[in-house]
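Q: Hi! Could you walk me through a strand and a helix pair in this protein?

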Amino acid sequence: MRLVLLGPPGAGKGTQAKILEERFGVPQISTGDILRGQVAAKTELGRQAKAFMDAGDLVPDDLIVAMMEGELRGKPSFVLDGFPRTVAQAEALDGMLQRLGLPLTSVLSIEANREALMRRLSGRWTNPRTGRTYHDEFNPPRLPRIDDEDGGPLVQRRDDTIDVVAERLATYDEKTAPLVGYYEKKGQLVRIDGLQPIDAVTQAVLSALGREAARP
Ligand code: AMP
């Protein structure tokens, strides 16, 4: 499985990527999680990325493409969550995969309207170690602010504030939404209704992948 999950912030890409990783052992590669790790570790990449992330802008393509060349090396299967985010990144990804002889299996666009995205992002809690997310209203942890899985503390991401969320959604519309047409033209795109409950979105994802039969 070599999958791209497209969709605006808050659509549920990370949630579905984690479910696919758990169910099929396909590694989730989340550029946002990797970048937050770099910022926390105060690396040179983290230092360069931080101001863009805090403002809700995209980190420049050359930094992201170089980072992803390293991440994809030696991984014959993956779920990409948050990459590509520009047409230039999608073209670079096509080139990388072509060189490796590993074309994408599919591209799923998880879609949701702005009102729902604002609601979801503003109530979101994240485990900074694993990237797993919860939501006060839609997917609460069993104990407040504690991850069900590893018992670690949950935090609110610094870019999940109202102002930065609005900027991230505007960035999505301007720079990432054109990718839907890019992959549609190539006949690789399946649209998924991300407004459904998490389980129903997973079912739609699995049926798009033709994987219903693999259910435990
Ligand atoms: P995410 O966790 O996917 O919402 O990403 C958080 C932030 O990391 C984004 O708002 C961007 O600043 C940055 N980022 C993540 N992925 C990319 C990417 N593919 N290209 C550029 N910036 C990215």
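Predicted model: local features only at pLDDT ≥ 70, side-chain atom pairs only at ≥ 80, totals over all residues.

Q: Great. Is strand E4 mostly covered or mostly open, and how many of its residues are buried?
A: Strand E4, residues 106–111, is mostly covered, with five of its six residues buried.

Q: Which way does E1 pair with E4, and over how many bridges?
A: E1, which spans residues 2–6, pairs with E4 in the parallel sense, and the pairing runs over four bridges.

Q: What stands opposite Val107 of E4 there?
A: That would be Val4.

Q: And how does E4 pair with E7?
A: Also in the parallel sense: E4 and E7 (residues 189–193) share five bridges. Within E7, Arg191 is the bridge partner of Ser109.

Q: Okay, helices now. At what angle do H4 and H5 pack, and how far apart are their axes?
A: H4 covers residues 61–72 and H5 covers residues 87–100; they pack at about 25 degrees, with axes 10 Å apart. An angle under 35 degrees counts as roughly parallel, so H4 and H5 are roughly parallel to each other.

Q: Is the crossing of H4 and H5 left-handed or right-handed?
A: The H4 and H5 crossing is right-handed.

Q: Which residues meet there?
A: From H4 you have Asp61, Ile64, Val65, Met68, Glu69 and Leu72, and they meet Ala88, Gln89, Ala92, Leu93, Met96 and Arg99 of H5.

Q: How many of the residues in that H4 and H5 contact are nonpolar, polar or charged?
A: Eight are nonpolar, one is polar and three are charged in the contact of H4 with H5.

How values were computed. Residues numbered from 1 in each chain as written. Heavy atoms only, no water. Buried < 20%, exposed > 50% of the residue type's maximum accessible area, 1.4 Å probe, protein only. Helix = DSSP H or I, 4+ residues; strand = E, 2+ residues; numbered from the N terminus. Pairing = 2+ DSSP bridges. Axes fitted to C-alpha atoms, helices over the stretch in contact; angles between N-to-C directions. Parallel < 35°, antiparallel > 145°, perpendicular 65-115°, else oblique. Left-handed = near helix turned anticlockwise from the far one by under 90°. Contact = heavy atoms within 4.5 Å. Nonpolar A, V, L, I, M, F, W, Y, C, P; charged D, E, K, R; others polar.
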